[in-house]
Amino acid sequence: MNALERMQEQLKEEIKQAVLNAGLADESQIPEVVLEVPREKAHGDFATNMAMQLTRIARKNPREIATQIVEGIDRQKAHIKEIEVAGPGFINFFIDRSYLTDVLREIEAAGEQYGRTDTGKGEKVLVEFVSANPTGSLHLGHARGAAIGDVLCNVMDAAGYDVTREYYINDAGNQIRMMALSLEARYLEALGQEAEFPEDGYRGQDIIDIGKKLAEEEGDRLVSMEREERLAFLREYGLKQLLDKIKRDLEKYRVTFDNWFSETSLYESGAVDEVVKILTERGETFEKDGALWLKSSQYGDDKDRVLVKQDGTNTYLTPDIAYHRNKYERGFDRIINIFGADHHGYIPRMRAAMEALGYDPDKMTFLITQMVKLYQGGELVKMSKRTGKAVTLVDLMEEVGVDATRYIFAMRSPDAHLDFDMDLAVSQSNENPVFYVQYAHARINSVFRQAEEKGIQLKKDPTHLSALQEEQEFDLLQKLGEFPGEVATAADHMQPHRVVRYLYDLATQLHSYYNAHRVIGDDPTLTQARLTLLSAVAQVLKNGLSLIGVHAPKQM
RNA sequence: GUCCCAGUAGCUCAGUUGGAUAGAGCAACGGUCUUCUAAACCGUUGGUCGGGGGUUCGAAUCCCUCCUGGGACGCCA
């Protein structure tokens, strides 16, 4: 807990005691004390709405209640300089802001650890994301999901959750057979033979390339094989090539996973058959039209779902249920699934399935990422599944860069539709938020280079800090103090974009301060104090950028 | 038709989970470099928070209803 948070906690306690002592409410009635940072600076550093919340309990008008609370607060203890009752009954607190310089010492001491908290209490969390089928390259939607998932994991990790990142590989279904068929056609084409391309085949460039590669490596050896033998070979070969490619691309994108969970492994272990058996034993299934159905409509789903088809094979849902059961069995406290909006219909049926198995469906949460529209040259870039023409993650990394791509995907709320303007993302101008934040970091480092040239050493002497008296300096201190709480809130609400927003605001304050005040000046004490402040800002920018997986350059 | 997401300044989006006079970037207009990086800063203009009802001290935020845009509604995955 840092200086700012300690201050808030003490103040909350003071408020609570004042309410109790004044007899406005008893222990059981008193609502949780809420402190907020008012939008208007004139309304103080913190404000509470306690008086308004107590109107019904205390049966007095809020301003009267507020006055009574104010009288009971020990200002010394809570580092309060001034208190006022305002508006309909707000109590505004003006803190002794010089106390905030403690934040600098804490940042200095914590270094890269500053921002980490234990609010998650080591809760075991599984986050499954990307999980793209190994039938082609990662496209735009995966890129967004990967960025949001990775940043969420980083943020939750920093907030003290025990996070496991997982990628589910759909390597067993129909789509893999289709991949093999598509690859077969591409392979034969590469050998100059006639080949009919399957109607619903995957037309991406990647499979064409793999077909060529295979032809080079194996020649026409596969042509003489039995059809099924050949397809089995193609399936293994294509799967490996495609998965390796996905792993490589994600690594370049700075996204790594703890587990790559294979669907096939669920078949091999018998987990798929087992889950069908369990559901049936629990009386959660029924037979109709020669198929086996799950009674999912009893658990809030629109309709019942087929588990085993007429032909005896499973639907996609069955192994997925086995997979999610496996997640529960591994003992996670929270199971987070990040999906694209096109799969949101899947949520009620999976919740239903888990409930049918006797698990608590509320342990499982779904984060839905909305669609991305890509603009280039002011025009919408069209995607076509039919022709396999789509902008891929690799394209974005090459044309926009990893920093900007990750930043832009992470900056928006996951459930907002996103317009990705490629021209803006690459522009080296003030329109580009990525550079704006990175520049703030580089700028500070530039000041340190200047200081070094002038032979100024940063002494870590806390007695210098009282030289910080400017309004903007206190604002910066307060902002720095808010960082750990901001990360924790982002984690608790699964809103990674809040961290990006915070960084942008911090960068704005830094730029503004930089333009208004000289850091290196004639007064050595003041210079030292300001250098210490800047050093802390740089540290927080760096820590924050690291959470979103973006570099913090020392020079631009 | 049913379900999910969204609708806030000309454009792209925030909005501390119900708080005080709704914010930022871009665009438009006007300023700031002989001094630590002007990829920056300062100022001005710009709003029936999609419409209408309701809940209460108080609503962009919660409830109902309607409108618009996007997505999903297979024994495909």
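Hi everyone, let's start with a pair of helices: H1 (residues 3-21) packs against H18 (residues 471-492) at an angle of about 80°, and their axes are 8 Å apart. Helices here are DSSP runs of H or I with at least four residues, numbered from the N terminus. The axes are lines fitted to C-alpha atoms over the stretch in contact, with angles running from 0 to 180 degrees between N-to-C directions. H1 and H18 are therefore roughly perpendicular to each other, a label that covers 65 to 115 degrees. On the H1 side, Ala-3, Leu-4 and Glu-5 make the contact, and on the H18 side Gln-478, Gly-481, Glu-482 and Gly-485; contact means C-beta atoms, placed from the backbone, within 7 Å.

A quick word on the model: it is predicted, so local features need pLDDT of at least 70 and side-chain atom pairs count only at pLDDT 80 or more, while totals for chains, interfaces and linings use all residues. Residues are numbered from 1 along each chain as its sequence is written, and chains are lettered from A and ligands numbered from 1 in the order in which they are written.

Now to H5, residues 102-110, where Val-103, Leu-104 and Ile-107 are buried, meaning 20 or more other C-beta atoms lie within 10 Å of a residue's own. What do the buried residues of H5 pack against? They pack against H1, H18 and helix H20 (524-547). Just after H5 comes Gly-111, with a positive phi of about 55°.

Finally, please look at Leu-541: beyond its neighbours within four places in sequence, its contacts include Val-437, His-441 and Leu-503.

Conventions: Two residues are in contact if their C-beta atoms, placed from the backbone, lie within 7 Å. Helices (H or I, at least four residues) and strands (E, at least two) are DSSP runs, numbered from the N terminus. Angles under 35 degrees count as roughly parallel, over 145 as roughly antiparallel, 65 to 115 as roughly perpendicular and the rest as oblique. A residue is buried if 20 or more other C-beta atoms lie within 10 Å of its own, exposed if 12 or fewer, and partly exposed in between; C-beta atoms are placed from the backbone.
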